[in-house]
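Good morning, and thank you for the time. I should like to take the group through one structure; please look at the sequence and the model together.

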Amino acid sequence: MIKKYLLVLSFLFAVVEAFSQAAPLVQVTIPTPNPVCNAGDCTQLQANYNTIKQTNDYTVTQVVYNPNFPFTGGTVIQNTSDDSWTQIVNLPFTFCFYGQSYNQLLVGTNGVITFNTSGPNYTPGGPCRWAYTATIPNADANFIRNAIFGVYQDTDISTGALSDDTTPNNIQNVNYYVLDTGPNAAPNRVFVANFNELPQFSCHAASGLQTSQIIIHETTNIIDVLISKRSPCLNWNSGSGLVGIQNATGTLTRVPPLRNTGTWSATNEAWRFTPNGAVTVPSSIQWFQADGVTPAAAVNVNPITVCPTGPETYIAKVTYTICNGQPAIVEESVNIDVTQLPVNDPVDLVVCSATPLPCVDLDQTLFMQTGLANPAWYDITFYDDLTAAQNAAHL
């Protein structure tokens, strides 16, 4: 069958809107250390950080559908023709996929990303394959490979002006952007591709508008696919829709359950592809003083013992060596105070009663902790009388 196209010349520009963002995927956390009461006293610092697997293999798990990135904004693909690849998109970070490193990709208007940027089926600005009914893995040279599918289906970005497609063009589009701010600043940048409120070819809006999102994460190399809504166009291309990933030879794949090529439907669904290679990504940790340059300990000493003579800041830096051999560094700082801990007098509990004495709530005395920066710094013990307390103090 020959597909007919409606050519609509329009140039759309948008700015990524403010949006609630999730916590960074790769980070260092440092539990609050015990305070130092006197100059020169010592305390211990412990840093916790991610273990990252290499990308030779993946696991796929369903996660909570909770969009953290807008479905509109960024660079909008012009809807002058259907079934097209973008020009080459340059990534500001290296992304590792099935053991290879990439700084470029193509976005296809049919719900797919590929890291192949040349060749007969991957011409920048050229046609993105729409006709398929086979499942993956698929080593057919004509099937899209080295790719993230989410949702791969024959959507039609050129139909926004048709009478049965009433969604405005500034919403109904394919767009992409990079976030490099807040919790998504390096080394936690993300590349996001959106396929938003799109009709399917032949069915147009009759089968419902389609919305999905592909997110790739720096450093962890995690891939997320969010499906806001997907419904098949049963009278075209066998209603095919696909979510999954496939390597460059079409021999290795990961697909969520019941989401290989088929006529399935989904609403508010999310899948995460997490690298799960047999080997972890090499990493090292080093502690520094407040200037971030002067070491406070040798490499890979964790936890460390520090003995500040005054208020001090320490920085833990973790360096990951990702698949192209380049370092990705994530860090966190912690402040240590040198101060005497305040102690308030507990309240006296008075009981006036005939024997046997009633029970009393000793927790009433714990008001002495009110207003303290960290009650966990205090260890409160109860004794029967003063003599018992004095004896315990000399144990």
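Residues are numbered from 1 along each chain as its sequence is written, and side-chain values use heavy atoms, with hydrogens and water left out.

First, confidence. The predictor's confidence in each residue is given as pLDDT, on a scale from 0 to 100. For this chain the mean pLDDT is 86, and 82% of the residues reach 70 or more. Over residues 1-19 pLDDT stays under 50. That stretch has 40 contacts beyond four places in sequence in the model, a contact being heavy atoms within 4.5 Å. Where pLDDT is low, the predicted coordinates should not be read in detail.

Next, the sheets. Helices (H or I, at least four residues) and strands (E, at least two) are DSSP runs, numbered from the N terminus. Two strands are taken to pair if DSSP finds at least two bridges between them. In general, strands of a sheet pair through backbone hydrogen bonds, either parallel or antiparallel.

The partner of β6 in an antiparallel pairing over five bridges is β7 (residues 100-108). Within that region, Cys-96 stands opposite Ser-101 in β7.

Another open sheet has three strands, ordered β17-β19-β20 and paired in the antiparallel sense. Here β17 (283-289) and β20 (327-336) are at the edges with a single partner strand each, so one side of each has no neighbour in the sheet. From one strand to the next the twist averages 20 degrees; axes are lines fitted to C-alpha atoms, for helices over the stretch in contact, and angles run from 0 to 180 degrees between N-to-C directions. Seven bridges join β17 to β19 (residues 312-321) in an antiparallel pairing, and Phe-288 stands opposite Ile-315 in β19.

Where is empty space left? Rolling a probe the size of a water molecule over the atoms shows this. On a 1 Å grid over the protein atoms alone, a cavity is a set of points where a 1.4 Å probe fits but cannot get out, while a pocket is an open set with protein on both sides within 12 Å along at least five of seven lines; lining residues have an atom within 4 Å of a point. Grid points are joined across faces, edges and corners, and a volume is the space filled by probe spheres set on the points.

There are three cavities of 30 Å³ or more, and the largest cavity has a volume of about 40 Å³. Its lining includes Val-151, Gln-153, Phe-195 and Thr-211. The elements giving two or more residues to that lining are β11 (190-198) and β12 (210-217), with the largest share, three residues, coming from β12.

The second largest pocket holds about 340 Å³ of space. Of its 23 lining residues, Ala-22, Asn-66, Asn-68, Asp-224 and Arg-272 lie nearest its centre. At least two residues of the lining come from each of β12, β13 (223-230) and β16 (266-275), and β16 gives the most, with three residues.

Finally, the backbone. Gly-150 and Val-151 are joined by a cis peptide bond, with omega about -10 degrees; Val-151 is in strand β9 (residues 147-152). A cis peptide bond also joins Asn-302 and Pro-303, with omega about 10 degrees, and Pro-303 is in the loop between β17 and β18 (304-306). Asp-83, although not a glycine, has a positive phi of about 55 degrees, and its place is the loop between β5 (75-76) and β6.

Terms used
This is a predicted model: local features need pLDDT of at least 70, side-chain atom pairs count only at pLDDT 80 or more; totals for chains, interfaces and linings use all residues.
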